[in-house]
Amino acid sequence: YGIGWPVLMATMTSVSLVVGNDSGPVHVAGTVGARALAVCGPQLRCFEHYPTVEVLAIQREEMGCVGCGFRGEHGYRAACDFQCRALMELGPEKVFERIMAKLGVSRGE
């Protein structure tokens, strides 16, 4: 929205948690040391070099296609281009629960 990367980076260092998908802003949050939650589909190892970024993804045991890296031998299908099954299985409730846990807010508060 025209604020630019320097302002975005400064903002990230002053908020409690940055939440996003596997995108530039979450990588930037990791670079500046901001706490972040990356909601991911099949690419699980994108953030392992950022200690402040936690990845939220369905585990392979829960769904065989997770971690496929878009490879057919690991479950990739043409439909994955339109809707990632692993990402859709997370659902907003699971994402919200993880956000609240990271912020230290219990469900009753």
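Figure 1. A nonpolar core here is a set of buried Ala, Val, Leu, Ile, Met, Phe, Trp, Tyr and Cys residues joined through side-chain atoms within 4.5 Å, where buried stands for under 20% relative accessible area, exposed for over 50% and partly exposed for values in between, found with a 1.4 Å probe and protein chains only. The structure is a predicted model, in which local features need pLDDT of at least 70 and side-chain atom pairs count only at pLDDT 80 or more, whereas totals for chains, interfaces and linings use all residues. Residues are numbered from 1 along each chain as its sequence is written, and side-chain values use heavy atoms, with hydrogens and water left out.

**Figure 2. The aromatic pair F47 and Y50 and the surroundings of F47.** One aromatic pair is present in the structure. The ring centres of F47 and Y50 lie 6.3 Å apart and the ring planes meet at 45°, so the pair is described as tilted; rings of Phe, Tyr and Trp (for Trp, the six-membered ring) pair if their centres lie within 6.5 Å, and planes under 30 degrees apart count as stacked, those over 60 as edge-to-face and the rest as tilted. F47 and Y50 are both buried. When neighbours within four places in sequence are set aside, F47 is in contact (heavy atoms within 4.5 Å) with N21, D22, V26, H27, A38, C40, V53 and V55.

**Figure 3. The open parallel sheet of three strands.** The strands stand in the order β1-β2-β3, and their pairing is parallel. Strands (E, at least two residues) and helices (H or I, at least four) are DSSP runs numbered from the N terminus, and two strands pair if DSSP finds at least two bridges between them. Strands β1 (18–21) and β3 (53–56) form the edges, each pairing on one side only. From one strand to the next the twist averages 25°, an angle taken on a scale from 0 to 180 degrees between the N-to-C directions of lines fitted to C-alpha atoms. Four bridges in the parallel sense link β1 to β2, and N21 stands opposite V39 in β2. Strand β2 (residues 36–39) is likewise joined to β3 in the parallel sense over four bridges, with V53 of β3 as the bridge partner of A36.

**Figure 4. The side chains along β1 and β2.** In a regular strand the side chains alternate between the two faces of the sheet.

Figure 5. The buried residues of α2 are V26, V28, A29 and G30, and they pack against α1 (4–12), β1, β2 and β3. V26 is counted as buried because its relative accessible area is 1%. Not counting residues up to four places away in sequence, V26 touches G20, N21, A36, A38, F47 and V53. Between V26 and L37, which are eleven residues apart in sequence, the C-alpha to C-alpha distance is 7.7 Å. Just after α2, G33 takes a positive phi of about 80°.

**Figure 6. The whole chain as the setting for the close-ups.** The protein has three helices and three strands, and from the N terminus on its elements run α-β-α-β-β-α. Of its 109 residues, 30% are buried. Among the contacts between residues at least 6 apart in sequence, 34% join residues at least 24 apart.
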